[in-house]
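Dear colleague,

Please read them with the coordinates open.

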Amino acid sequence: MTSAIRNEASLSAVRIDPSALRSDAGKRIADVRHSAENNVRNAADEIAWRACNPGRMQGKAMKSLRVLIVEDDLTIGPLLAETLEQLGHVVCALEVDAAAAVSAARRCHPDLMIVDIGLGEASGIAAVEEILKEGFAPHVFVTGDGLRGLPLGSEAVLIQKPYKSSDLVAAITRSIDGKAKRDGSGSA
């Protein structure tokens, strides 16, 4: 018998344990989740560093806003932060849940909030309502769900995922213009 035939025969005798496969798959899924969480933490750390070093934003044509992002999708949040920074804004915090968003708003006093409506454990709407109790901040809600029947305030601007950068810019402009009208100043 050749060695190739012997190796093939010995492989066919190996029993596969389904519970071991499930355990291995579970470990691999946990590793992927851990990696994604680390990527978000690293992005948040980089955002905090950039917020403390606004000099790098000088020379941009548009007025730089301090933006709080509340997005529980571990891919969308960092991409949105990158897009905003490319537009000349400073992301002061990137949060994934309502409680952290309220805390970040108190800490950062953002010029604008971009908030996902559907945050796993709580509504982004509830988070914004809590934040607005301490003072008004323009806000843009984003959602992947239908746009009808949502209990949003009159100052809220809503865009649906997926959105283009031009949609985001238009939503930011509407939100900031709404604040200017609300304040009676007529300009942002």
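In what follows, contact means heavy atoms within 4.5 Å, and buried means under 20% relative accessible area. Please keep in mind that this is a predicted model.

I begin with α4 (98–108), whose buried residues are A98, A101, V102, A104, A105 and C108. Viewed down the helix axis, these residues fall within an arc of 165 degrees, so they line one face of α4. Among the elements that cover them are β1, β2 (90–95), β4, β5 and α5, whereas the face turned away from the buried side carries A99 and R107, which are exposed. As for the two ends of this helix, a side-chain oxygen of D97 comes to within 3.3 Å of the backbone nitrogen of A99 at the start of α4, and the residue that follows the helix, H109, has a positive phi, near 50 degrees.

The other helix is α5, which spans residues 124–132 and has G124, I125, A127, V128 and I131 as buried residues. Because they cover an arc of only 160 degrees around the axis, they sit on the same side of α5. They pack against β1 (66–70), α4, β3 (112–116), β4 (118–119), β5 (122–123) and β6 (139–143). The N-terminal end of α5 is capped by S123, which has a side-chain oxygen 2.9 Å from the backbone nitrogen of I125.

Technical notes:
Residues are numbered from 1 along each chain as its sequence is written. This is a predicted model: local features need pLDDT of at least 70, side-chain atom pairs count only at pLDDT 80 or more; totals for chains, interfaces and linings use all residues. Side-chain values use heavy atoms; hydrogens and water are left out. Buried means under 20% relative accessible area, exposed over 50%, partly exposed in between (1.4 Å probe, protein chains only). Helices (H or I, at least four residues) and strands (E, at least two) are DSSP runs, numbered from the N terminus. The arc is that of the directions from the helix axis to the C-beta atoms. A polar contact is a pair of N or O atoms within 3.5 Å; within protein, one must be able to donate a hydrogen and the other to accept it, and residues adjacent in sequence count only if both atoms are side-chain atoms.
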